[in-house]
Amino acid sequence: VEAVREGLAQQINVDQLMWKDAYLVGVPMVDLQHKHIFSALEQLAKVALSQRANRHQMDIGQALGRLLESMLHDFLAEEGVMARVGYPRLHAHRVVHQAFTQQGLELLSQFREGTLVVEGMVLSSLFQGLLAHIGSSDRDFGDYYARCCGGGE
């Protein structure tokens, strides 16, 4: 909890969490899924960082749940495309998705138990993790997809 309090000083701007075309990996369905995740993350940030006196923990919990749901949907759809095109690193990619899923479930559990405050540091960590995954593993898949499938689904 102390680390979270320290993170409150680390301000994050909701605009930083918005989708940018620089995040495209070149697989239309995967890019669309990523846009949905960014939208869910942006909504979570808007609720969590709201200065409204009446912001409710239930609203934050629902937004966090929607983000996790978007991620899970993305992972399944992404893995489906990978399987269809015979992506050789599908298993390793699936393991990374499982780790993300576990982390997301732990965050949701901690939030529900009252041991996690969704503020700047948590949002920044989610954002950085998402960018790192898209910028490495998903981009590698995008490169493979362009070579094997000519970029069309």
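Q: Which residue forms a salt bridge with K46, and how far apart are the closest N and O atoms?

A: Let's start with the general idea: side chains of opposite charge can pair when their charged atoms come close. In this predicted model, the partner of K46 is E42, with 3.2 Å between the closest N and O atoms. Both residues sit in helix 2 (residues 28-48), and because they are four residues apart there, about one helical turn separates them.

Q: Is E42 buried or exposed?

A: E42 is buried, at a relative accessible area of 14%, which falls under the 20% cut-off. K46 is partly exposed, with 42% relative accessibility.

Q: How many salt bridges does the structure hold?

A: There are three. Another one joins R94 to E79, at 3.1 Å from N to O. R94 belongs to helix 4 (residues 90-113) and E79 to helix 3 (residues 57-84), so this pair ties together parts 15 residues apart in sequence. As for accessibility, E79 is buried at 10%, and R94 is partly exposed at 31%.

Q: Where do D140 and R89 lie, and what does the pair tie together?

A: D140 and R89 form a salt bridge too, and their closest N and O atoms are 3.9 Å apart. D140 is part of helix 5 (residues 120-149), while R89 is in the loop between helix 3 and helix 4, so the pair links parts that are 51 residues apart in sequence.

Q: What is the relative accessibility of D140, and what is that of R89?

A: D140 has 37% and counts as partly exposed. R89, at 43%, is partly exposed as well.

Definitions and conventions:
Residues numbered from 1 in each chain as written. Predicted model: local features only at pLDDT ≥ 70, side-chain atom pairs only at ≥ 80, totals over all residues. Heavy atoms only, no water. Salt bridge = Lys/Arg side-chain N within 4 Å of Asp/Glu carboxyl O. Helix = DSSP H or I, 4+ residues; strand = E, 2+ residues; numbered from the N terminus. Buried < 20%, exposed > 50% of the residue type's maximum accessible area, 1.4 Å probe, protein only.
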